[in-house]
Number of protein chains: 2
Amino acid sequence: MKRLIVLLLMLPLAAAAQPMEWTEIFPGIWKGVAGRPEAYDLLTAAECEPFARSLERLERTPFPFDPAYVNAEVSDGNTYLRFPLERDEQIYGLGLNFQTVHQRGRILGLHVDHYGGRDNGRTHAPVPFYVSSAGYGVLVNSARYMTFYIGTAVRSDARDAPRARDRNTDSGWTSRPYSDAVEVYVPAEGVEVYLFSGGTPLGAVERYNLFCGGGALPPRWGLGFTQRVEKLSDAAQVVAEAEEFERRGYPLDFIGLEPGWQSRAYPCTFEWDTGRFPDPAGLTRQLLDRGVRLNLWMNPYVSPEASIYNDILPHTGTHTVWCGVVPDLNDPEAVRIWTDRLRQGQVDTGVSGYKIDEVDGYDHYLWPDVARFPSGTSADQMRQTYGVLAQKVTARLYRDAGMRTFGLVRASNAGANNMPYVLYNDYYSHPDFITALVNSGFCGVLWTPEVRSSKTAEEWLRRFQSVVFSPMAMINAWSSGTKPWSFPEVAGQVKYYAELRMMLMPYFYSEFARYRFEGTPPFRAMALEPGFRYDSRTEAGSRDLEDNPYLEAVTREVKDQYMAGKFLLVAPMFAGQTSRTVILPQGNWYNFYTGRYAGNGEEITVEPGLDFIPVYVRDGSVIPFMQPLLHSPGPDDKVDIEFRHYGNREGSYRLYDDDGTTFAYEDGLYSWRTATVSRNACGELTGSLSDPEEGKPNTVGRVTFRFMTRSE
Amino acid sequence: MKRLIVLLLMLPLAAAAQPMEWTEIFPGIWKGVAGRPEAYDLLTAAECEPFARSLERLERTPFPFDPAYVNAEVSDGNTYLRFPLERDEQIYGLGLNFQTVHQRGRILGLHVDHYGGRDNGRTHAPVPFYVSSAGYGVLVNSARYMTFYIGTAVRSDARDAPRARDRNTDSGWTSRPYSDAVEVYVPAEGVEVYLFSGGTPLGAVERYNLFCGGGALPPRWGLGFTQRVEKLSDAAQVVAEAEEFERRGYPLDFIGLEPGWQSRAYPCTFEWDTGRFPDPAGLTRQLLDRGVRLNLWMNPYVSPEASIYNDILPHTGTHTVWCGVVPDLNDPEAVRIWTDRLRQGQVDTGVSGYKIDEVDGYDHYLWPDVARFPSGTSADQMRQTYGVLAQKVTARLYRDAGMRTFGLVRASNAGANNMPYVLYNDYYSHPDFITALVNSGFCGVLWTPEVRSSKTAEEWLRRFQSVVFSPMAMINAWSSGTKPWSFPEVAGQVKYYAELRMMLMPYFYSEFARYRFEGTPPFRAMALEPGFRYDSRTEAGSRDLEDNPYLEAVTREVKDQYMAGKFLLVAPMFAGQTSRTVILPQGNWYNFYTGRYAGNGEEITVEPGLDFIPVYVRDGSVIPFMQPLLHSPGPDDKVDIEFRHYGNREGSYRLYDDDGTTFAYEDGLYSWRTATVSRNACGELTGSLSDPEEGKPNTVGRVTFRFMTRSE
């Protein structure tokens, strides 16, 4: 049932004044309209549908702030928005930032681009959605280049105005006076705004993800291990690679082929190079028989030597990319011609997915802002959404084939939450890659801190340890040719973590199902974790660590640790470090490897040694592990599950199951089974798993429980 | 007489197609109109009037390229422009860049801002005017944030299209294929374009400068030496500073007071601090009696404690800067209230000018793009023109008072060519300051590579040596308190150059008059110098150094040497250097200090020692020197002139003269006298100066000629 609340806001300048209406479209989700929104926006580009089934079950939440403080004005062809900020409020999100988590006090010009080393809004996924520490989120649904002033601009009529100081003599003078608003510049004559009132920041993010269709559910194999081979590898080398993984006992679920699979690349033909790959269908089959899938690199720019060139030319933009034409992915003919080409001999022979490169930036390569497209989509709108469109049309190709895919893409935006793609880039800072992982959870995208190459065995292992706790466990060795065992001195530890990734497959798969059905990001910032607070003011007065554990932590950004699924707190080590601090939220936390007590609501310092990446588990956690298979299990396989319980509290886990590869789960062919650990009459912890549902998928074999924490 | 040529260009997309008309408005200057230009643009903001008297005397030149290759299209509220590029063409200009001179291959998003360390279009004067090595210039007259794609974007229908290559196998693949166009994104539904066909690049620049009103002519004292004192200096300290310069024998023409002259600063009251300055009028008089003027720092943001605050408040923007309100300088009431405040007790007591700070950026300080102004000027238009408006209204204040001013400003744009302000900033790279000086000449602005502080005596001297060959010879010591003599080990050399600056006053004053009357930039790039070519192709085939001397130089940017006036080639030394290379244009060149032959159309390597900055003079140059006065001469003073001749060729110099301080020259009260050096019957060089004109200013005393180059 939809409820309508119309709030008429008087706007300051009569000439531009337009009332803004807020309509509650789902519990805790309001839509507002300023001016005349454009027909083409981020959500229409993505064609995402709200996951109404889950949304309608949510509790109602109050409108997140006094609507009188929201301001919208249309003038000079632009829309100006203002949202309130309170003194103790922090703002997160606004896309895939690499160096910052707290966005208050920053100005971001959202623009799809490669990441240039500064968090200025130019990034692979500049999602115009922000999350407040006060427990709400705001999405500004425009495909234009918008600028967000996040607590920087100060109006002369500000509600909570700072006072002027004399810089000559007043040591309290500051170059950045206090601002009580988020202001947004939208270069269009109107825009839709969505408010998500979540109760908590995580609740706001979950509503946002569900509103955009729910998160992506990869096929089970997508959560296995993947290696990308050198760019000019031929079919025999690819088979040899798969064989070597098998022989050495390292897990492998899919291999990525780089540009050399094509007859021409940069721009592309989308056709196999028959010299290097004389029998692609045979290769695909041969690898599938070994439990290994193929993923194909491409960029969407069509070579004049491609067989589709003449057909697609009328459906491309005015400007070329590396002399290739740019398919107008809002032109149905362009999409048909392009995806037909991908289907034939690729998708239809079992190729599992694509790595869609170069849809982000940089300005020198991509079409300029003066480019035109046949569909009428402007160059800026196309830039903001091209990655989303490429995801959408390739994902549909797989949906039509009844197979789930899980690929890579360089650009995304709001509305692509449901698309089975993981973002990646060339920027190769390990710490910043982790910060991107932290931020990915605020904005409905997935990110892999890929391992590419390393100068030292230590760096190799440290990067490997963290990529295992990410959406895609990938070595991207197209240039370096590095293998998991390339550094013999740490090959054992690398294998340990590759196997751990496989053992955690039931956990991560269930966590992705939660993303799909409940909107909970599987990888996310500490700020989204209960018991972890940005600001201690709500507990002001107390300096007792038990009451107010974040006394020290409140003023700094926590950007080097994150949550992996419901229970795991991951704190990566970077090359050169021998110790680090970890901030534990309130509640008892335990060492993932040993089950030993680690702390409660405090900052701890750990020296894990080279062998381990610090991981902590919340009291009462129940985590499903399977055997370290070399390939993900198929739909008919039975897999033994060991549920590991941590701490002393009772707890439970909901284990998700389906066939792992098709869309049958959308027709109800899935199950959630609950593993429960509780204390029996003697006070001992015991575990049990609920029965499988009749007629539903069930890949669970033998079930055991292991209690990691000895009573203390 | 104006001639009308209408060229109808057919545009590609019918929906957006609009014919573009070109009208020849002065010889070699065409105006084109795309769509419906906005009422407010850069030239209307500046209110500059073409210097018709000089323009109408120019020779006619051909339209610079095939007009069919110019493309204009209006769509989606934006204007898209395309101009042709030839294979061997280089592009210069597009504002005050600090690190690059060649702009072809670059993308610039023009946006007034502080300089952030990258030439990306964000700079103090992002002037949308470019100069081609082919001898023409293009001005796109919009006050919006435009993006210039300067030979980067490649259209699929390009006239001179590159061919696609396969990156897999073709080593000739390039990430940036050849582009045959400059494309411009203008976020407005139309724009005016001006073409300047100059025959040479310098001719194009001269036409541009004259079209914008001619260059700025400072008062004579503006070309003297200036020191800025510490920010909280009081009146007694200012007097003591002037006295110490006098006592130590260092020239000084004006002293700059920093924020502390005001009762409140950042934001400002524009009122004297009566504690530090109990008698401002007395101070001004006292200093003027010593031949020293005062310049006052300010930013335009009005403190709530300013006496004008309540009056000006209704005429300010929606957003504050450091809690000060922002006068809408397109609102006549705001201008009246503000400039009345400046007039009373400042301009009217003889304060010589202002340093207008903080009108450039940065985004965190200035009004955001969502700001509104009472005049209807949008926030982006205001950002692009605020520096110009501040120059315009303060310059008028001085014009009304009948006194010329010469001040400092942090932001400018097209159309402010005639305004008596020099740009400066906080970025303090000596090499990049020189590159800014090189680029300033392309875009009608003046720039000072100010000396602020130095780590070593060497750096101090090197910076000092180059600032002497710039529009404003300034030590900006408001923070460091450094004096010319602060490094005793180089105090003698510093004095030598301070005196040299004074000796060159007749030369620089005449060169500024050429800027004013003929549009020739007094400080400019080598690329504007006859005999210096960007590209050797026009002389292809010859590898003879005499025929084609730039064989080595053609492919690199020359950004560390420049022309100072008609004759001087200045090649600064930077701290740490003991030698450098200098590229001499075709023709014989001579050492400025010794008159010795230095080279001809070649690259030389010099080791000048610490005492000297390398300066070279063209064969046949005649340069006027005066005595090293401590203060600029007044209108009734007679000054002895020594004309120094270099080389062996005959030559001449036109010496400009006027009263040096008022606008009487605009009513014809000025003179040009010609100094001629020719060979007499015996083959000896002799010199003579033409007689003064009756009734015209004449400050020339005794005249001598000195022949710097001995016959060889």
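## A look around the rings

At 4% relative accessibility, B:Trp322 counts as buried. Keep in mind that this is a predicted model. B:Tyr301 is buried too, with a relative accessible area of 0%, and together B:Tyr301 and B:Trp322 make an edge-to-face aromatic pair. B:Tyr301 sits in the loop between strand E16 (293–298) and helix H6 (309–312) of chain B, and B:Trp322 in the loop between strand E17 (316–321) and strand E18 (324–327), so the pair ties together parts that are 21 residues apart in sequence. Both rings also belong to a cluster linked by ring pairs, whose members include A:Trp173, B:Trp297 and B:Tyr386.

Over all chains, the structure holds 128 aromatic pairs. Here are two of them:

| Pair | Centre to centre | Angle between planes |
|---|---|---|
| A:Trp221 and A:Phe254 | 5.1 Å | 75 degrees |
| B:Tyr301 and B:Trp322 | 6.4 Å | 65 degrees |

A:Trp221 and A:Phe254 are both buried.

Now for B:Gln227, which lies in strand E14 (residues 225–228) of chain B. B:Gln227 counts as buried, at 1% relative accessibility. Its side chain has a polar contact of 3.0 Å with that of B:Glu241, and a polar atom of the B:Gln227 side chain lies 3.1 Å from the backbone oxygen of B:Thr482.

Conventions: Residues numbered from 1 in each chain as written. Chains lettered and ligands numbered in written order. Predicted model: local features only at pLDDT ≥ 70, side-chain atom pairs only at ≥ 80, totals over all residues. Heavy atoms only, no water. Helix = DSSP H or I, 4+ residues; strand = E, 2+ residues; numbered from the N terminus. Buried < 20%, exposed > 50% of the residue type's maximum accessible area, 1.4 Å probe, protein only. Polar contact = N/O pair within 3.5 Å; in protein donor to acceptor, adjacent residues only side chain to side chain. Phe/Tyr/Trp six-rings, centres within 6.5 Å; stacked < 30°, edge-to-face > 60°.
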